[in-house]
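Me: I would like to go through this structure with you. Could we take the domains, then the ligand, then the chain interface?

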Amino acid sequence: MPMQPPTSIVEVRQQIARIKAGGTEFITNFFLDDAAIEQAIRAGTLLFAFNDDAVVMVRRGALFDRVYFADGNRASLSRTLASVPLAPDGCLISDLIGTAAETAPVIDQFVSAGFSRFTEFRSMYRANSCNVDVERRAMAEAALEEDAEQIWSYISGYFDPYSEHIPDQQEVLTAVKARTVLVTRNGGSVSAILWYDRKGASSILRYWLVLPQFRGRGLGKQLMARYFNDCADVRSFRLWVQSSNCRAMRLYQHYGYVLASRTDYILKRT
Amino acid sequence: MNTVLKILSEIRPEFDFSTSEDFIADGMLDSLDVVTLVSAIDKHYRISIAGTEIVPENFSSTAMIAALIHRNGGRL
Ligand SMILES: CC(C)(COP(=O)(O)OP(=O)(O)OC[C@H]1O[C@@H](n2cnc3c(N)ncnc32)[C@H](O)[C@@H]1OP(=O)(O)O)[C@@H](O)C(=O)NCCC(=O)NCCS
């Protein structure tokens, strides 16, 4: 299937609707909201192709292309996925969100199309508030605009670019201006970061990172205390944690988070 | 209506959906939740909600969701 840029968001939505109406079993991993789709169309980074059973979309990135699909007939999914072109030295990343039982047969289709399981993230939410020592929160503060570059370099230096959406510098600056990036300082420079997003009654914890030399001294906890305090009116705290990061998972449980049923499976084809 | 509330609370157990007038504006359902909800409704009511109807406004309250199910041939 030749990939082309869609002319508009309507064209993308119409094709997905057609697949859903015609198929026997509709599945998709296309969760982008309209603003993100429009931005990708404007930037010319979104390409799509369709046949009778499926729509596939590719969002071009500097390091890898992200693959989205909407499929009406699971048996044909692996053929559709295998048709997505792979640039020389390129890499395709896709993800599937759901329970283990829901996603297992779909992951099989990805595997037959040449993808392999790369990593996975568990969804957690904070079911009950638990006492975090708020006395010490004063040491954590909202980041300043001049911290943005340092914050960006810590995040991009620590987190995995394939699976953990690394923000660009503009995105860091926007979040700093919105005062949703909290930091602690040691010797004048940033020693730890907690970045969250917020919409209405929901908040998502994006990054929680203490520089290695400052770990185990309570900085992580101060950031958490400040976060929960700043978001006192939030009713849903969510996050994604890498399944293999048992230490972080235990700490989140310690702060009142519990595992939700969803897992995000990251798949990669090189 | 109770079934809709039950499906919603399985998706976002941390919320009480009976107290909000606008799930989208209140940040109670995001685009991932909406797609999850569509598939749960399709399965439960044995219908297939039209793809063109999968827009946030149609999921803003239990009344809007009930109307959507009804329009797509589901019996509440
Ligand atoms: C996870 C992380 C942010 C924690 O920060 P930290 O500053 O080391 O944590 P703190 O010293 O504030 O300790 C937090 C809690 O864990 C406990 N703790 C600290 N070190 C511990 C250890 N080695 N074993 C068990 N518990 C420990 C503390 O007692 C504290 O509990 P409390 O609230 O009852 O006092 C930090 O280790 C880190 O940056 N890790 C790498 C990045 C990462 O995995 N981020 C999370 C995924 S996004």
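Me: Which domains does the assignment give for chain A?
Reply: The domain assignment gives domain 1 (9–114) and domain 2 (126–265) of chain A; such bounds come from an automatic or database domain assignment. This is a predicted model, in which local features need pLDDT of at least 70, side-chain atom pairs count only at pLDDT 80 or more, and totals for chains, interfaces and linings use all residues. Residues are numbered from 1 along each chain as its sequence is written, chains are lettered from A and ligands numbered from 1 in the order in which they are written, and side-chain values use heavy atoms, with hydrogens and water left out.

Me: How much area is buried between domain 1 and domain 2 of chain A?
Reply: About 880 Å² is buried between domain 1 and domain 2 of chain A, with carbon and sulfur atoms giving 60%. Buried area is the accessible area (1.4 Å probe) that two parts lose on being put together, summed over both. Leu63(A), Ile97(A) and Gly98(A) supply 39% of what domain 1 of chain A buries against domain 2 of chain A, more than any other three residues.

Me: Changing topic: which residues are closest to the ligand?
Reply: Of the 19 residues that surround the ligand, the closest are Trp208(A), Val210(A), Gly218(A), Lys221(A) and His254(A); a residue counts if one of its heavy atoms lies within 4 Å.

Me: What lies 2.7 Å from an oxygen atom of the ligand?
Reply: That is a backbone N or O atom of Lys221(A). A backbone N or O atom of Arg217(A) lies 3.2 Å from an oxygen atom of the ligand, and a polar side-chain atom of Asn245(A) lies 2.9 Å from an oxygen atom of the ligand.

Me: Now the chains. How many residues of chain A are in contact with chain B?
Reply: 18 residues of chain A are in contact (heavy atoms within 4.5 Å) with 23 residues of chain B. The area buried between chain A and chain B is about 1,700 Å², and carbon and sulfur atoms give 53% of this area.

Me: How many salt bridges are found there, across chain A and chain B?
Reply: Three salt bridges are found across the interface of chain A and chain B. Arg262(A) forms a salt bridge with Asp33(B), where the closest N and O atoms are 2.8 Å apart.

Key: Polar contact = N/O pair within 3.5 Å; in protein donor to acceptor, adjacent residues only side chain to side chain. Salt bridge = Lys/Arg side-chain N within 4 Å of Asp/Glu carboxyl O.
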